[in-house]
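Please study the sequence and the model before reading the points below.

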Amino acid sequence: MDIVNQLVAQGQFRVLKVPLGFIKALEWFFAIFAFSTCGSYSGMFRMAVECKNRTLSDLSIEVEFEYPFRLHQVYFDAPTCKDKGTDRLFLVGDYSSSSEFFVTIGVFAFLYSTAALSIYVFFFEKYKENNKGPLIDLGVTAVFAFMWLVSSAAWAKGLSDVKTATDPAEVITMIPACDDDDGNRCREVHDPVMSGLNTSVAFGFINLILWAGNLWFVFKETGIIAPFMRAPPPQEKAAAPDAYAQQGAYEQDPYASSQGGYQPDYSQQGYNQDAEYGQGYGQQAAPTSFSNQM
C-alpha cells in the first residue's frame, strides 16, 4: 500500500492535460465501448405461422442469437401445418471471424492504452530517455491505427450480413409451410434490435480517428523533426533615433509656410536700430563735453 501511495504522489498527472496524454485517455475510453457493445450483444426476433388448421399454428417462434454470430449453429422449430410435426431449420452464415477480430483489436487497444497511460503518468522521464520510448510508441500507435481501419471495415460488412441473415422477412422464406398455397399465413412479429451493434461500428471508426490523429503528437515526442526546425534569426535592435534631429526635421518656420513666402530680414532691421541708437547717444553726449571745457 505504501508503494502505491508513493507512486500516486510521484505521478505526473499533468501529462493528461496535454494532447499526448489526453488523446491516449480517450483511446482507452472508446476502446472499452467498442469491444463491449459488440462482445456483449444478444438479440432475438419472433415470427408467427398461422396454419389453415389453427390447431397446428405456432404464433410465437422465437429465434435467439448472440456474439460471435455463428448463425449456422442457430436453429428453430417451425410447424409443418400438415400434422403435429415440426421442421428444424438453421439460420445461414458464420460471421464470427469479423466480429471476433474487431473485439480482439478493441481488447488489445484497451490494454496498450492502459499501459501507455501508466508510463506517461509514473515514468514519463524514462519514457523520453534515448528516444526509445517515443519510437516504440509511434510504431505501436501506427499498427493500431491500421488495425482499427481493417477491423472496423470488416465488422461493418459483417454486421450488414448479420442484419440480412436475421431479418424475419428473409427467414420466413426458409419455412416450407409458408411456401405452400394451402391457406397458411406467415408473418414477422418482432424484429431484432441492432442499435448496440450499430454503435460498436461507430466506436470502431472513432477509435480509428483517435489513433491516426495521435500519430502526430507521438511523432513530435521522438525528436525526429527537431533538426529540420530552424530557430528564427535574432532581430537586430534598431538605433535609437536622434531626438533633436527628429525635432528639427519636424519643426517648420511658421513664416516660411505662410502664403507668399515672405521672410523678414532681421539682420537689416537690427542694423537700423543700432544706427538710430548711436545717433541719439551722440546728441546727448555733446553738451557734456562742452560743460567740461567750461
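Ala, Val, Leu, Ile, Met, Phe, Trp, Tyr, Cys and Pro count as nonpolar, Asp, Glu, Lys and Arg as charged, and the others, Gly among them, as polar. The model is predicted, so local features need pLDDT of at least 70 and side-chain atom pairs count only at pLDDT 80 or more, while totals for chains, interfaces and linings use all residues. Residues are numbered from 1 along each chain as its sequence is written, and side-chain values use heavy atoms, leaving out hydrogens and water.

**The largest pocket**

- The lining of the largest pocket comprises 7 nonpolar residues, 1 polar and 1 charged.
- These residues are Y112, A115, A116, I119, Y120, Y127, G133, I136 and D137 (a pocket is an open set of points on a 1 Å grid over the protein atoms alone, where a 1.4 Å probe fits, with protein on both sides within 12 Å along at least five of seven lines; lining residues have an atom within 4 Å of a point).
- Helix α3 contributes the most to this lining, with 5 residues.

**Helices α2 and α3**

- The axes of α2 (residues 19-39) and α3 (residues 96-122) come within 8 Å and cross at roughly 150 degrees (helices are DSSP runs of H or I, at least four residues; axes are lines fitted to C-alpha atoms over the stretch in contact, with angles from 0 to 180 degrees between N-to-C directions).
- Helix α2 is therefore roughly antiparallel to α3 (angles over 145 degrees count as such).
- Their contact involves 17 nonpolar, 6 polar and 2 charged residues.

**Aromatic pairs**

- The structure holds 22 aromatic pairs (rings of Phe, Tyr and Trp, the last by its six-membered ring, with centres within 6.5 Å).
- The ring centres of F30 and F203 lie 5.7 Å apart with planes at 50 degrees, so the pair is tilted (planes under 30 degrees apart count as stacked, over 60 as edge-to-face and the rest as tilted).

Note on methods: Helix = DSSP H or I, 4+ residues; strand = E, 2+ residues; numbered from the N terminus. Parallel < 35°, antiparallel > 145°, perpendicular 65-115°, else oblique.
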